[in-house]
Amino acid sequence: MAGRTLIDHWHRLPLHLQLALVSGLLLALTIAGTTLFNIRNQQQALLRQIEDEALSLGRSLAMSSNHLIITNQLDALEQLLVQAAAFPYVQRIQAVDNEGNILSHVYRDGASVHVSYELRKLGLPTGGAEDGKPRLDYSTSQLSLWYPLRTSTPLGWLHIETGLGSLASLRAEIIRDNLQSAGVAIGLDVLSLLLILYAPAREFRRALRFARRLTRQPGEQLPVQGSSRELAELIEALNLSSHRLAEQRSELLARTEEMSRLNESLENRIDRRTRELEERNQQLRLLNLALEQSPTAVLVMDRRFRIIYTNPAFTSITGYTPAEARGRHPAFQLSADNPSHLTDKVTEQLRHGNSWQGEFIGQRRNGERFWVEAILSPVRDEAGKITHYLGIEEDITQRKQYEEQLVKQANFDALTGLPNRLLGMDRLQQALVHGRRQQLKTVLLFLDLDHFKNVNDTLGHSYGDLLLVEAARRIRNCVREEDTVARLGGDEFVVILSDVRDAAATESLAEKICQVLSSPYRLAGRELHISVSIGITVAPDDSTDVNTLLRNADTAMYRAKAAGRNGFQYYTRTMNEEAQARMQIESELHGALERGEFEILYQPILSTATRNIVAAEALLRWNNPQLGQVPPERFIPIAEESGLIIPLGDWVLREACRHAIGWDQPPPFVVAVNLSRVQFRDPAYLQRVRGILQETGLSPAQLHLEITEHTLMEEIGEVTDTINALHNLGIDLCIDDFGTGYSSLSYLRRFPCRTLKIDKSFIHDLREDADHAALVNAIIQMGHSLGMNIIAEGVENEEQLEFLRQQGCEYVQGFLFSSPLSHADLSRLLRDDGRGRIDGAA
């Protein structure tokens, strides 16, 4: 309210008085501004003087203090600071180390200078003394200077405080002088204006009242009411201005609205453009980070294929820094191992606007060669014009090494280094194609080492591996450079002879291989002997199909083994027929046991003294709906090779034991069961025998297991522990087909066998062949000398029986007494005749 009253009083004042007061006020303000400006200039001048003196003092003290601090002369430093404190304006000086600990502290109290020994830390300026720059801080009453102490390394700070009291005194003095001058000047100015402006102000008040009316009625024309000519002109001018102002106001409003719309549109466009720029900047930053951190080498080239940028990965891969690569053609990193036209080819392709992708051999800065996979592409501007070229490179050396290793592993045998089955069959296919074009023959030899398993089983797989490596080397040395030797697996090899004009010449090569491989092997201090069986097939005579040729050669190889091993056989059509029959037998064998196609017949074994039946040999027979009665010598070997002999042998043993329980007569009736060499190799066989005896309740003493002399000699390394375990179980073992395996007396002593069975081939010719008679007599005598019982099989007449009785043979079996009987028939014979005495042929 007071302010409003004051304004009202002001409005009531005459114009000339207002002008005089305003003029006086403006003059007063001018004088005050001038005074303040002078005060500020003089203060700044004084302050700069104090700053310069403080900096000069700090610089002098710093130069003197550095040596004193380094030499730890703190007393001398204190005296130096006491002297410096006598300078004008100085209030306090402190020397501190880099940690803020006070080394020396002096201050002024009036005209006296004192030393302080307080122990405390000061807060240091930010940034440290490393940059060597002093820091200045101001307050209302003092100036604070921090001057760094340093030599080659920072030592600490000098803290100097100066008083600014002189500034306040100077300000008061200037204000006082200017106030005195201002008072006089303002009074004179006001008085002069009052005298000069009184008359014009009276006329101006009239014009002012008119102007006020115009402001109350904007855009209207107000009449001039008795004004002077000058004032009339002024009013007319005001009317014209009012009219124009109204027009301009309307136009301005329209333009303002238009500008508002344009401004809003422009702001929207600016916002949109700003967001786009921010997104692009973000993308550029992300792209830059990706390039810098990418594990793949990136290089950018200009239109002349000069490198202008490489990322860190390029340096990491090639060893060349960006400075070393910049300005050079990217071909500088190529090894001389690349094709000579590679650079021109790539350059030409890029110049035509096409990308290039491929692999090349690079050379690092240290000279090391490495594999590179690269993609080179042109970079185009918005108009589609090529401006740069982009290259992306990746070190694929390790991948190449893996690929080479995989190729080697996939195509070559790891042990011998020979081509494996896959590569060998591919070589055979290539040889067949080439032979067909040249009308020449291709010969395939299938090699299988004889009795190689014995080496692994007796000496271990390490010796077996050494033997395979040496055998492969010998085979490779027997053939031409262009021929292929491949290992199919295990102890099987193939030799592929290409471009053969005369297949008959292959026979000499096969003989050479047999001879070379049968030579002694000296491995790790041991001498080993081994032979080879070879099957030979010829293309296109036998076939032009890879798998058929391999099967033919395999068939011929098995025929070579059957012929006595250490030899070779050519494939014939008959072999194929036999192989087909063999495959059919094997196919029908599967599931034959479940279908109940097998039957056990029993061959009675008699005592030569009483002709009573004391035992029976279990004989397996197979009656197949498709094949009819299949002889054991046909299906037993196939069952052994396929592994079916294991479940089949267990079934025979279980049935024979179960049947023998029903033939319980004193003395205990014995059943003899034949064993395959495959069963002897089975580590679980002994456990299954125990289980069958427990299951059927048959005493071990009533079970004889027969093993052929041939198997005994071949498997001597494996069967010894099994034979001893069966003997300890109480089971008697019988050596079957004795006389055909060339066993020695020393070998017989090694086994706890209590029975020998003389092969029927020796019994058949007793009358006509004196040598057979002598041999049979020798076998009987030898067996007795070892405490063994003798059984002669194949006895067909009384003369043979009488001869055997005279030589002391205890037991016989054969058609003289009975053909093999079914379980029911043998049970009936034993039941009806007591112990089954047989006096003549059954």
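Predicted model: local features only at pLDDT ≥ 70, side-chain atom pairs only at ≥ 80, totals over all residues.

Trainee: How far apart are the end C-alpha atoms of helix α13, and what span should its residues give?

Mentor: Helix α13 covers residues 506-518, and at 1.5 Å a residue its 13 residues should span 18 Å. Its end C-alpha atoms are 18 Å apart, which agrees.

Trainee: Which residues of α13 are buried?

Mentor: The general idea comes first. An α-helix has 3.6 residues a turn, so residues three or four places apart point the same way. In α13, the buried residues are Thr506, Leu509, Ala510, Ile513, Cys514 and Leu517. Viewed down the axis of α13, these buried residues fall within an arc of 140°, so they line one face of the helix.

Trainee: Against which elements do the buried residues of α13 pack?

Mentor: They pack against the helix α12 (461-478) and against strands, including β12 (441-450), β14 (492-500) and β17 (531-539).

Trainee: Let us turn to cavities. How many cavities of 30 Å³ or more are there?

Mentor: The count comes to one cavity of that size. About 190 Å³ of space lies in the largest cavity.

Trainee: Which residues line the largest cavity, and which element gives the most?

Mentor: The lining has 16 residues, and Pro330, Ala331, Leu334, Val346 and Leu376 lie nearest the centre of the cavity. Helix α8 gives the most, with five residues. Both α8 (342-351) and β9 (356-363) supply at least two residues each.

Trainee: What is the make-up of this lining by class?

Mentor: The lining of the largest cavity has 11 nonpolar, four polar and one charged residues.

Notes
Residues numbered from 1 in each chain as written. Heavy atoms only, no water. 1 Å grid on protein atoms, 1.4 Å probe; cavity = no way out; pocket = protein on both sides within 12 Å on 5 of 7 lines; lining within 4 Å. Points joined across faces, edges and corners; volume = space filled by probe spheres on them. Helix = DSSP H or I, 4+ residues; strand = E, 2+ residues; numbered from the N terminus. Nonpolar A, V, L, I, M, F, W, Y, C, P; charged D, E, K, R; others polar. Expected span 1.5 Å × (residues − 1). Buried < 20%, exposed > 50% of the residue type's maximum accessible area, 1.4 Å probe, protein only. Arc of directions from axis to C-beta. Contact = heavy atoms within 4.5 Å.
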